[in-house]
Amino acid sequence: MGRDFEVRHDLPVEATPEEIWAAIATGPGIDSWFMGRNEVAPGPDGAVSTVFGGYAPTLPITAWEPGRRLAYGEPPDADGRFVAYEFLIEARAAAAPCCVP
């Protein structure tokens, strides 16, 4: 029997929340950083589909908060295994520019 695990990454990026949303919540956006061909049927009843060789899952969207949160994943198998993704977008204050004396 497997064990529960989770992988978390906090990644500060120089982009607006709108630009990040476009990169994680649209097919062309996902194509720009993830393998395969990706399509997004947007909205809380939508799904994210990926085609990579013979692997072609369609994962239902479980959270859809434009500009803030996107989650999608498969329901657990009979043995409890599943794959899920969640993206949280947080705007942070930009660093003040430094002055040159």
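Which residue forms a salt bridge with Arg-68, and how far apart are the closest N and O atoms? Before I answer, please keep in mind that this is a predicted model, in which local features need pLDDT of at least 70 and side-chain atom pairs count only at pLDDT 80 or more, while totals for chains, interfaces and linings use all residues. Residues are numbered from 1 along each chain as its sequence is written, and side-chain values use heavy atoms, with hydrogens and water left out.

The partner of Arg-68 is Glu-65, and the closest N and O atoms of this salt bridge are 2.7 Å apart; by salt bridge I mean a side-chain nitrogen of Lys or Arg within 4 Å of a carboxyl oxygen of Asp or Glu. Arg-68 has 48% relative accessibility and therefore counts as partly exposed, a term for values between buried, under 20% relative accessible area, and exposed, over 50%, with a 1.4 Å probe and protein chains only. Glu-65, at 30%, also counts as partly exposed.

Turning to another pair, Glu-86 and Arg-69 meet through their side chains in a salt bridge of 2.6 Å, N to O. This pair links distant parts of the chain, since Glu-86 lies in strand β5 (residues 84–88) and Arg-69 in strand β4 (residues 69–73), 17 residues apart; strands here are DSSP runs of E, at least two residues long, numbered from the N terminus. Glu-86 counts as partly exposed because its relative accessibility is 45%, and Arg-69 does so at 25%.

Glu-65, Arg-68, Arg-69 and Glu-86 are linked in a network of salt bridges, and the structure holds six salt bridges.

Notes. Helices (H or I, at least four residues) and strands (E, at least two) are DSSP runs, numbered from the N terminus.
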